[in-house]
Every structure is written in C-alpha cells, then in structure tokens.
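Subject: Structure for you to look at

Hello,

Please find below the structure that I said I would pass on. My notes follow it.

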Amino acid sequence: MKRLAFLMFGLAAAAATGPWFVEEGLRAGLTGIFICGDAAQKNYIVETLGTGVAFLDFDHDGLLDVFAVTASRLEGFPSGQEPVNRLYRNQGHRTFEDVSRKAGVAKAGWGQGVCAGDIDNDGFVDLYVTYWGQDVLYRNRGDGTFEDVTPTGIEKRWGTGCAFVDYDRDGRLDLMVANYVDFDLKTTPRPDGPKACEWKGEKVMCGPQGLKAGLNRLWHNESAPGRIRLVDVSKQAGIELPGPRYGLSVTTLDYDRDGWPDIYVAVDSQASLMYHNQRDGTFEEVGLESGTALSEDGREQAGMGTAVADYDGDGWPDLVKTNFIDDLPNLYRNNRQGSFTEGTVMSGLGKYFQFLGWGTAFVDADNDGWPDIFMVNGHVYPGVKSGEYRQRRILYRNGGEGKFTDVSSEAGPAVMEKSSARGLAVGDYDNDGRADLLIGNMNERLSLLHNTHAAGLSLTLQLVGQRMNRSAIGAVARVRVGGRTLMGEVRSGSTFLSQSDFRLAFGLGAASAVEGVEVQWLGGAMEKIGALKAGQIVTITEGKGVTGRRNYAP
Amino acid sequence: MMGLLLVMAFWQAAPDCGKPLAAGLEAYGRKDYDQALILFRTAMQCDPKLVSAPLALANLYAERGNDGEALGALLQVLRIDPKNVLALRASSYLYLKNGLHSQALPLLESLTMAVPEAADGHADLAAVYAAGGKRVEAEREFKRALELEPKSFAAVAGLGNVLARAGEHEAAMPLLRKAIALQPRAYEGHFLLGSALNRLGQFEEASAELEAASKLGGENEPQVFYQLARAWGGLGKATARTAALARFSELTKREKESVEGQRRAAALIDEARVQVQAGDLENAAQRLEMARELKPGDATLLFRLAGLNFDLERYGVAREYAQTAISISPATWLYHYLLGLVDQKEKRWADAKASLEVAAKLGPTEAAVFNALGEVLTELRDQPAAAAAFERAVKLAPVKQ
C-alpha cells in the first residue's frame, strides 16, 4: 500500500498548482548588497567569480541562519563604507536580523567562498572563509560570537571552494581548499590595454588561461583542546601531485562506498580532479580513470559548481557539474565500480548551451523522493553582445528514471528571475519540511527562494557525531520507504563556494512514514533506527539512536 | 583548391602586371617556389588591386603549410573584393583548420550569401554553429546543405552528430550510418557513430566503430581513444580501457605541449620587446633564442633574431637567421633587405646587391631599400645604377623642408 502510494505520488506532484518557490529575501530582511568588482565592467578575472552563501545554524536554536560572503571593488571604498561579510540570524517567522558585527564576522576584504564544520568538536559550527588574500578560520565560541583563529601557515592566495572533511577518520575535521589563480593585478592585461583578451571578437578580461594556476591545499587537523592547529599536508597526501589547476568548487563524496571520503574539485578550463582516498592518509588523483575529469567527448571544460546525490536511486552517489556558456553541464552517473558514465544528454540536461552555470544542487523540490537539480547562472562578461550577463535559474525535475525535465517556468517567477548568480545553498530555513534556496547574486542582494510547493511529505534527519566529528560530515543515512532506499550524505562545501544545511531531507511522496533508517557513521558502526513518521526533524546521535524529535513548523 | 586558384590567378591577370604573374606561374610550374613567391609578390606590388596575385600567393603558402602567410594574402584579396568566393572559401577553410571558428564564421556567412547553392559552404557554416552550441542554426544549415547535396558526407555526418548530441538518436543514427556508407574509409564517420552508440550504452558496436576509426586515420586523435575507453569501460574490459586512456593522455599531452609552447614563446617575445625598449639587447636576444626553440618555423621571430644580432654586430648569426626567415617566407621584402644590410656590413658587395635587388622588387616603395642598394652599387663602382637607386630613394622619400 505504501509502495503504491509512493509510486502514485508523481501524479499528485503533477497536479499541484501555483509556484514552487517565492522570492522573499527582502521581506525576510536579507538587505545587504554583496559586491564583486565593478558591476558594469570586469577588467580582471578576480571581479568575476562572485561570492558564496551558507545556510547554517550557528546559534544552535534549530533555525537555519544565513552567512554571505562579499568581495569588494578594485578601486576600494571610502573608509568605513567597505562591504563586509554578513551573518543573518534567523528570528523565526521567516525573518532575519543582521548580527554580523555582534558576532565578529563583519570582515571586509576580497571574500570568495565559505564552508562550515565543527572543527573543534564543541557542538558549535565553525566557518572557513576563502579570500583573494588571506583566508580566515572562525571558531564559533558558542555564545553567538566567533573568533578569528586562522592558523599560521595559511598563505595569501586566491582561495575559492573549500570543504571540511575527516579524510583520515580520526574524528577531527580536516580542511580542503581550492586555489584558483596565482593572480597578479600588475601583470594581468586589461580589456582596454594593449594586450587585451578577446572572447567572440569582443575585448574582455583575461584568464584563467594564460594566468598561473593555483594549488589545492589539504590541511590536517591537529588541534588540541583550546588550540586550533592545522598542518599543510598537501604534498605528502598527494593533493599537489596533479600540479597547479584553476580549482573552484570542492565537494566530498564516498564515490566507491569504501567508507573513506574522496574529494572532487571542479576545475576551470582544465581537467577536473577526483582525489581517491587511499585509506592511508594519501590520495590518488583518478579524474580521468573515474570518468569525471572531462566532457563526454574528452574535452576539458570550465568546471564551476558541483553537487552530489543518488539521482537514479541505485544507492550510489552521482555527480553534477556546471560549466561555461556554449557547453553543457555534466551529469556523471556512478557505475558502481569506481567510475562514472556521463549521461547528460540522455538524462535531459543537454538542452541548453546558452547558460553559464555556477552553483548547482540536488534538491528534492517537490518531495517526491527523487532529487531534482537546481542551477544558477550568469555570464562573466557584462555587456558582451554574444551572451546575457543576467540569466535565469533552472530547475530540472527528476522524473524518477534518471530523466530530468526543465520545470523552471512552472516553478514560478522566482526561478525564472534573471540575475548574474554565483553561490547557492539549500536548506529548510522555516522548518516546514520543504527545501528552500539561497542564492548569491553579483553586486546585488541575496535571493531567498521560499519553497511553497504543496507537494509530498518529507522527513529530515539531523545527525550528530560523537566518536566521529560532531557535524557528522561524511555520515551517510539510508532511508527505506515504499520499496526504495533513499540516500543522503552530510557534507561540507559543495555547490559553488557555498555551504548548504547539514541536515538530510528525504522527500517521501505520499508516504506518511519511513520503514527504517540506517546511518553509516564515518569510521564507525552502522546504526539502525526503526520506522519514523514523516513531517518531523529527527536528531540521531552516534551510538545513541534518536535523541530528539521536532514536528515541522505549520 | 590549388588548381582552381591558379587557373583563376592566370585568367584574371591584368595585362600591365601580367608579366610577373605569368612568370610566377611558370616558376611554380618548374617547382621553383621561392622564385614564384617573389614574382607573385612583385605582381601584387605592381597592381595592388589585382586579386589574382595574392590568391596565387596564398595558394602557394598554403601548399607549403604556412597558413599564417596564406591567410594574410587571402585577407588582402577580401579587402579588395569582399565577396571573392575563392578567398572566402579558402580563408574560412584555413581558419577552420586551425580551430579559429569565430574568425571563420563571418566569412562562411558571406560565402553562403554569395554562393547560396554551395553545399559545402552551408555544411562548414553549420559545423561552426554546432561548435558554438548554436544547435538550431547548425541544423538549419546542415539541412540546407543536404537539400543541395544529399550525398554530402560533411552534412550527413554533421547533422547526425548534432542530433545525437541533442539526444535525438532515432533521427541521428540512420544519418550516422549513412555517413559511413558514403565514406567508409573516413574515420570521422566511425568516430561519430561510435560516440553516439556509447551514449546509448551500446558498447559492443561502439567499440567496433571506434576501433575502425582508430585504424582509418584517427590513430592520433585523442577523442577517438577517449570514446574507446568509454566503450571498453562499458564492456567491463578494464585493461583495454586503461590502455585507451593511456593513449588518450599521451596524445592530449602532446597537443597541450604544443599549445603551451606557443604560449610560452609569445611570453618570451613580449619579454624580449621590453628588454629591447630598455636597451638590453643581449638578454632580449637570449629570450628570442628560447622562443625560437619553441617556434622554430616562425619567420617573424627569425627576422627579429636576425635584427637583434645585426644590432649586436654578430653578422654571421644575423645572416643565418635572415636566410632561414627567407627560406620560410621568401616574398617578404624586409627579410631580403636585412640580409642585404648584413652583407653590406661584411663588405660582401655582390651578395648584398643580390639581396637588395630582390628587396627592391618586393618593396618597390621602400626608400631605405633603394638607398642601401645605391650604397652597395657605389662600392661596386656601378655609378649609373647607384645614381638611379639614389634617385628612386629620394623620389620615394624626399627630404622634407
């Protein structure tokens, strides 16, 4: 009966009316403008990447807060008027207050990305913010404020994507950071200069090709109580071995299901990287062998954002990656034998060449149990004739057999809205059991897409590590419902320079309960939980089973 | 292309300037290509509006693999006659051959407007659209080409590929199979069919097609081996997959090294330019030497090296570089002029005279050439000829009051 109800849900979803998402950033109080270079003219590549956004519960009140990164303008701002990163505390009732200064994170500079994780296992989520300049590690004091605990040795680079990951399963979160370009403003040509670069016959900013690429870094967490210590192990861990790359987003996943987290880095204009965890503190780069380095034609692409989910329901994590304009995204289906097959065209993602994609996420927007794909887009060159700078978003609905359909128009004006978007985070900020979306736009306010779709039921799991890291990053939950097993992994980083909610949301269609839950803790035991009703947020603590329940907000 | 261009070149020759053009064609006939290039250039100097000469010059450069010079000559034709079909066709071909799709696009658009009945023009235009992700336009142009020439391999294969990439395999597969039937020995058809079969998960047939592609001319195409690896992977043949990926990596690396070499050479040339401006000729020459190792066939670079060594009074080295530049691009007056100056410095008067006379023929409006020629003829005690050369120089560049 449950199975039938589950299968029938597709019809219910199709029958639902009204927009799926409604824009309510301004109403919610997300009023800050986030800057990245000049709005109308990009003279240097550093002005083009935009910035990341995050959904995280920094004050542990059960409501998702918002953190958003800003860069700056090359000509600077008058003293005291510099844009700063902002932390918006969720006050409930879908409104936020700006607590950036009070929390100690209102920092100016050329910020880029953000990732979260409880680096000191004190139960409060910490933040890493990447910069063109000096990255910053913020420790959450647990009293609503953060302290800058950036370890010595983190050099000034152009940090982009990052992710906390306990790669050696010692219970402490390590940190992977991608660095894009070894950028020198003085030696990089401008579009109005004698060595201007061209794109489709128009003079544009130069790069990344022709500029010196950055090096990915892996930091091993060797903190002691009261002291944060990160040690650069990039060389001995094999992270540097592929050489400099134009690295952008960082995503962690256990693609071969051996219980050891692997790392994927989307790389711009070069082959992307899949670091396979060799279980001895080192990684082997297997991008080409795994089939995730290149397009299905064997071409290098301009990899931007990445996301992971089991989109075809076979229990193995698959990958999606956004790319440059005139190209397609990649949908890499896991072959379950250590490699992937690209299925972009056959899955329905081969429709558009006119979008330049950035943040992307698997999100079950209609709670039918099949992860849909959301992508945000925007050109890097404002004002060029051959491409729109402001581009709409795309919501691809997963029809359930590995086939996606563009339902953006049906999903409403908030999805069809055009902006030059970059960062993207997924999270249920009003705890109503429907996934909402947070989007970072170039030189504009954030977009907050509130999910109003009257679709299926869902269950949200909040995992808490004990032996493993407290954020439970790397833990995998499997939920049995209607004859299927849905899978989710707690993850730091991902999408594009952004951080999504750690909680795992499972769309259940019409099923009012799940038959059982299994949690595979990173480096630990498998924990089995019995049936759970839909419509609630359930906390599962490593070794203790269910330790908290909370019904969704009405 | 060659035969047609030459015929056109001959028949379009203007009477006054037909002599050097005809002589050039004769030289071409007896395979004296350097002489032919010089004579074609002379004809161009004689009548700057004569399209036949630059067409012939482009043809000869293209035959010698010097696409840059060939394109230069073709663009000159298009400046004179923007709708010249031969030049449009040849220049777009050269741009496409060198992967410069955006430059080829306007030329192909003009070509299809000028000769709407040319199926290959539409097929090429479609290929450019396809490469730029303009699927609708690509389909339209491929279909137009097929209407005009139903057996056009490029159009059949191209349309099949565009449809396959869009996931329309029902329509694509018959076209891709038809392409192979049209040209069974062309690796491209087998490659495209194999790639489409990979996409469909039909790995057995895909591997057969891709193996055929690798044996029919695709043995140095990295993409063939990437697709082969996909097919082997799909069939669970891990060893074969690894071997195909290794071959792919090797070929890709080779391509990258070539591109990286060009980029590095350009950077070195830029550095040398800065050093010349700062008066540091020695270091500039060193940079150019390094660049030459990366771009050994670049006549401009060789000429710059010759010039720098001339300024550094290393005449033997300068001569060697100038001679090599001339062997690559024999119809450039500047190279002969520089060689003449080198010989003049070394008092090799007869050699200097010969070089400067060629320079004068190729650059009949260059006062400096005639002035140097006058000086050399004076040394050779040929006073009347020297006087004539000086007079010409003065006429070309009279001293301003």
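The two chains meet through 16 residues of chain B, which are in contact with 14 residues of chain A. Two residues are in contact if their C-beta atoms, placed from the backbone, lie within 7 Å. On the chain B side, the elements giving two or more residues are helix H14 (222-234) and helix H15 (238-277). Helices (H or I, at least four residues) and strands (E, at least two) are DSSP runs, numbered from the N terminus. That side of chain B divides into 5 nonpolar, 7 polar and 4 charged residues. For these classes, Ala, Val, Leu, Ile, Met, Phe, Trp, Tyr, Cys and Pro count as nonpolar, Asp, Glu, Lys and Arg as charged, and the others, Gly among them, as polar.

Before the rest, a note on the source: this is a predicted model, in which local features need pLDDT of at least 70, side-chain atom pairs count only at pLDDT 80 or more, and totals for chains, interfaces and linings use all residues. Residues are numbered from 1 along each chain as its sequence is written, while chains are lettered from A and ligands numbered from 1 in the order in which they are written.

Chain B overall

Chain B has 22 helices and 0 strands. Its C-alpha atoms fill a box of roughly 80 × 50 × 40 Å along the principal axes. Of the 401 residues in chain B, 49% are buried. A residue is buried if 20 or more other C-beta atoms lie within 10 Å of its own, exposed if 12 or fewer, and partly exposed in between, with C-beta atoms placed from the backbone. Among chain B contacts between residues at least 6 apart in sequence, 43% join residues at least 24 apart.

Two helix pairs in chain B

Helix H11 (residues 169-182) of chain B packs against helix H12 (residues 187-200) of chain B at an angle of about 150 degrees, with the axes 9 Å apart. This angle makes H11(B) roughly antiparallel to H12(B). Axes are lines fitted to C-alpha atoms, for helices over the stretch in contact, and angles run from 0 to 180 degrees between N-to-C directions. Angles under 35 degrees count as roughly parallel, over 145 as roughly antiparallel, 65 to 115 as roughly perpendicular and the rest as oblique. The contact of H11(B) with H12(B) has 9 nonpolar, 3 polar and 1 charged residues.

The second pair is helix H21 (residues 367-379) and helix H22 (residues 383-396) of chain B, at an angle of about 160 degrees and with axes 8 Å apart. H21(B) and H22(B) are therefore roughly antiparallel. Residues of H21(B) in this contact include Phe370(B), Leu373(B) and Leu377(B), and those of H22(B) include Ala389(B), Phe390(B) and Leu396(B). By class, the contact has 10 nonpolar, 3 polar and 1 charged residues.

The nonpolar core

The largest nonpolar core has 299 residues, and among the members that touch the most others are Ala475(A), Phe40(B) and Ala306(B). A nonpolar core is a set of buried Ala, Val, Leu, Ile, Met, Phe, Trp, Tyr and Cys residues joined through C-beta atoms within 7 Å. Not counting residues up to four places away in sequence, Ala306(B) touches Ala318(B), Tyr321(B), Ala322(B), Ala325(B) and Leu338(B). Ala318(B) is in helix H18 (residues 315-328) of chain B and is buried, with 24 other C-beta atoms within 10 Å. Beyond four places in sequence, the contacts of Ala318(B) are Ala306(B), Asn309(B), Phe310(B) and Val342(B).

Backbone points to check by eye

Most residues other than glycine have a negative phi, and most peptide bonds are trans. The peptide bond from Gly207(A) to Pro208(A) is cis, with omega near 0 degrees. Pro208(A) lies in the loop between strand E13 (202-204) and strand E14 (217-221) of chain A.

Asp326(A), not a glycine, has a positive phi of about 65 degrees. It sits in the loop between strand E21 (318-321) and strand E22 (330-334) of chain A and is partly exposed, with 17 C-beta neighbours inside 10 Å.

Lys31(B) also has a positive phi, near 65 degrees. Lys31(B) lies in the loop between helix H2 (18-29) and helix H3 (33-46) of chain B and counts as exposed, with 8 C-beta neighbours inside 10 Å.

Regards
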